[in-house]
Amino acid sequence: MDNLEDPITVCYKRLDDSTPLDCDVYLPRTTAPPREREIVTESDPQVIPIVIYFHAGGLSVGNKEWFPTWLYRRVRSLGYAFVSANYQLMPPASAHDIIADMQDLFSFITQNEIQGTQQTFKGNPNMVAVAGSSAGGLCAQLAAMHCSPKPKVIVSLYAMGGNLFTPHYLKAKNEVFFMGRDLLNRDDFPDYLYPFKRGAPSRTSDSPLVYHPVTGDPANRRIYLPRLYLQLGCFIDYYTGMHDPSLSNTLGAILEDDFITETELEYRDKFERAIPEAHRLLFPQLGVDSSWPPTILLHGTGDTAIPVDDSRHMQAVIERAGIPVELIEFEGMEHLFDFAPDAEEIWGEKFDRAKDFLRKWLDTPDP
């Protein structure tokens with residue numbers, strides 16, 4: 001990424017084995033004056049709005065350095081801090097571990113003073129937004145369900161998990177389906193497939209996107225995992241940590257040729273009843289209620305990694321709850337389209353709509 005200022009890197013958590021979980025904090029270009037009801041002295045830390053961002057990578061690869069610069073620039077121009085965080089990756093982590101990481105991050109960033117070059121600051125617990133791309137968008141939705149302080153607004157970029165009860169997640173694929181890339185051979189990934197005969201992978205929260213300098217092929221095996229789990233129809237097993245019995249198989253069996261004849265709620269209830277109660281909290285489509293934050297979703301209509309129907313379904317679910325929601329579609333665009341070098345030039349006006357939505361709802365005073 002170019003034209004980025006150096007962040008303040010802080011460790012917000014350590015795992016039992018002392019593995020650090022870090023986040024990068026980019027201070028705003030400008031800071032808004034304190035609200036009238038706030039009393040500030042020179043010794044007080046500056047309390048500023050924050051947008052917490054979670055990276056893409058299917059929950060299996062990536063790190064805090066991977067984020068769309070268009071969002072980073074717009075967040076900081078509004079006088080908000082941009083926080084990009086690592087979180088535990090699956091396997092061996094599951095979404096339960098990732099939720100615990102996010103909860104600790106939210107607590108840390110709003111309760112602790114962070115020393116910048118010229119100032120000390122802390123996140124304003126009343127002005128927290130959450131954003132994420134792809135699997136990071138799923139993290140953002142989980143944060144809305146489980147983190148405190150509760151985010152006031154969500155910016156969801158081609159998020160996965162808008163409808164986890166579809167063949168995309170639950171059925172094995174026998175032809176190319178993911179961004180035109182070849183199908184994978186499961187025998188090439190013994191270290192990343194349950195029951196992990198050579199032992200579970202080591203815990204990690206930082207797995208960069210590394211490619212071979214000559215062939216351009218991934219040099220980090222984890223890059224293949226999101227595609228592998230979707231191809232095998234077993235993503236839900238790794239996501240929940242429920243392999244035996246396979247929750248993917250249980251839910252996949254509910255997919256019937258005639259499901260369209262049922263109402264959506266009847267169909268959803270079948271899945272909800274089949275999910276053990278301990279795992280239902282991992283399905284955002286089951287957790288939307290009247291307390292859900294205003295949400296803006298951005299998604300390309302040509303996305304084959306995460307179909308646009310995920311965002312369309314989530315939009316409908318949020319609308320039924322009576323929550324402000326907006327979906328911006330990008331005609332014909334594939335996954336991660338906003339990382340392209342010319343994305344700003346082509347889509348800048350639509351990106352500005354996300355900025356306006358964020359400002360509208362994050363700056364709205366609490367009742």
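## Helices and axes

Helices are DSSP runs of H or I with at least four residues, strands are E runs of at least two, and both are numbered from the N terminus. An axis is a line fitted to C-alpha atoms, for helices over the stretch in contact, and angles run from 0 to 180 degrees between N-to-C directions.

This is a predicted model, where local features need pLDDT of at least 70, side-chain atom pairs count only at pLDDT 80 or more, and totals for chains, interfaces and linings use all residues. Residues are numbered from 1 along each chain as its sequence is written, and side-chain values use heavy atoms, without hydrogens and water.

## H2 meets H3

Let's look at helix H2 (residues 95-111) and helix H3 (residues 135-146): their axes come within 10 Å and cross at roughly 70°. H2 is therefore roughly perpendicular to H3 (65 to 115 degrees; under 35 is roughly parallel, over 145 roughly antiparallel, the rest oblique).

Which residues of H2 meet H3? They are Ile-98, Ile-99, Met-102, Gln-103 and Phe-106, facing Cys-139, Leu-142, Ala-143 and His-146 in H3 (contact means heavy atoms within 4.5 Å).

## H1 meets H11

Helix H1 (residues 69-77) packs against helix H11 (residues 343-362) at an angle of about 40°, with the axes 10 Å apart. That angle makes H1 oblique to H11.

Strand E8 (residues 295-300) pairs with strand E9 (residues 325-330) in the parallel sense, over 6 bridges (pairing takes at least two DSSP bridges). Here, Leu-298 has Ile-328 in E9 as its bridge partner.
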